[in-house]
Amino acid sequence: MTVNEIYLKIGQTIFDAIEEEKWLEAHLFIMRLENTIRFNAFYLSELDEKYVIKARKFSAIYESVHELHRITMQYGHNRWNKLEFTLLPNFKFDLKFIWDQELQDEVDGYNNQM
């Protein structure tokens, strides 16, 4: 898959997970570590009410997120372990790649104890 195909798949998965016809925006927060991914998501209704989207709705993009990480980290230019994906109803989206050193230090410390 290409990066653009992965973005489309993530956006479509968010879109399909929303149970209302009309909404303002949706947010997917991804934490990606070596062998695991955690998803947290919600959307805002037209009344500006926040609704949680269950993490299991994102199981279809688990491998895609690992692939996105592999592609974007390939040349070491875009280091990240967290991703914020914001989707609008017109399918426009915004991404924020985040490197959380504190999280990485915690994981590395735990792995070194094993």
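Analyst: **The salt bridges**

A search of the whole structure turns up three salt bridges, each being a side-chain nitrogen of Lys or Arg within 4 Å of a carboxyl oxygen of Asp or Glu. Bear in mind that this is a predicted model, where local features need pLDDT of at least 70, side-chain atom pairs count only at pLDDT 80 or more, and totals for chains, interfaces and linings use all residues. Residues are numbered from 1 along each chain as its sequence is written, and side-chain values use heavy atoms, with hydrogens and water left out.

Take Lys 57 and Glu 19, whose side chains meet at 3.9 Å, N to O. This pair links distant parts of the chain, 38 residues apart: Lys 57 is in the loop between strand 3 and helix 2 (62-73), and Glu 19 in the loop between helix 1 and strand 1 (23-33). Helices (H or I, at least four residues) and strands (E, at least two) are DSSP runs, numbered from the N terminus. Glu 19 is exposed at 66% relative accessible area, while Lys 57 is partly exposed at 36%; the cut-offs are under 20% for buried, over 50% for exposed and partly exposed in between (1.4 Å probe, protein chains only).

Then there's Glu 67 with Arg 70, closest N and O atoms 2.7 Å apart. Both lie in helix 2, three residues apart, about one turn of the helix.

Finally, Asp 100 bridges to Lys 82, with the closest N and O atoms 2.7 Å apart. Here too distant parts of the chain are linked: Asp 100 sits in the loop between strand 5 (93-98) and helix 3 (101-113), and Lys 82 in strand 4 (residues 82-87). Asp 100 counts as buried because its relative accessibility is 18%.
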